[in-house]
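Please have the sequence and the 3D view open as you read.

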Amino acid sequence: MPDPVRKLRVLMMVLGGMQAVLGLALVSNSVEIATSIWGEGEPNPWGRTAGEAHSGQVVLAGILVLAVAAWGITTAVKFPTRNPALRTSAFAYGWTALPFTVVFFQVMPLLGIAWLVPAILALVRPNQPETRAWFGGSGASPR
């Protein structure tokens, strides 16, 4: 496996791991996160506060983040198969990873800036000539 492909693979695994941590935090702390967003408020007739009532939305967001993380890690793990669709999947994952910069920046500005660099690299690396050649894209060398 060429070095640029190996670096892209590691980069996608790191991004997926960080997203998995974010997803697990959302799922496991859903009531606290929902309360910080929607506030305590008056309990509704069923005795639930606004934070408790909206915690399901936070859990859903956490599950979606975990699904995106699994997509990135699964794509990276399958790189040795050299399937051309994996390069497209890696490129799409890079575009999906970019909006997470805003989320991480809201949690901690330094973390958002640290996330931005790998997210941009995840966009650029799949289009490098060595990566295209590895997956059999245009300009590929014969195998």
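## Helices α5 and α7

The crossing of α5 and α7 is left-handed (the near helix is turned anticlockwise from the far one by less than a right angle; clockwise would be right-handed). This is a predicted model, in which local features need pLDDT of at least 70 and side-chain atom pairs count only at pLDDT 80 or more, while totals for chains, interfaces and linings use all residues. Residues are numbered from 1 along each chain as its sequence is written, and side-chain values use heavy atoms, leaving out hydrogens and water.

Helix α5 covers residues 84–97 and helix α7 residues 109–124; their axes come within 7 Å and cross at roughly 155°. Helices here are DSSP runs (H or I, at least four residues), numbered from the N terminus. Axes are lines fitted to C-alpha atoms over the stretch in contact, with angles from 0 to 180 degrees between N-to-C directions. α5 and α7 are therefore roughly antiparallel to each other (over 145 degrees; under 35 is roughly parallel, 65 to 115 roughly perpendicular and the rest oblique).

On the α5 side, Ala90, Phe91, Gly94, Trp95 and Ala97 meet Trp115, Ala119, Ala122 and Leu123 of α7 (contact means heavy atoms within 4.5 Å). By class, that contact has eight nonpolar, one polar and no charged residues. Ala, Val, Leu, Ile, Met, Phe, Trp, Tyr, Cys and Pro count as nonpolar, Asp, Glu, Lys and Arg as charged, and the others, Gly among them, as polar.

## Helix α1 and its partners

Now look at helix α1 (residues 3–28), whose axis comes within 12 Å of that of α5, crossing at roughly 40°. The two are therefore oblique to each other. Leu8, Met12, Leu15, Gly16 and Gln19 in α1 meet Ala90, Tyr93 and Ala97 in α5. The residues of this contact divide into six nonpolar, two polar and no charged.

α1 also meets helix α6 (residues 100–107): the axes come within 12 Å and cross at roughly 60°. That makes α1 oblique to α6. Here Met18, Gln19 and Leu22 in α1 touch Phe100, Val103 and Phe104 in α6, a contact with five nonpolar, one polar and no charged residues.

## A closer look at Thr35

The side chain of Thr35 reaches the backbone oxygen of Val31 at 2.7 Å. Leaving aside residues up to four places away in sequence, Thr35 touches Glu40 and Gly51.

Key: Polar contact = N/O pair within 3.5 Å; in protein donor to acceptor, adjacent residues only side chain to side chain.
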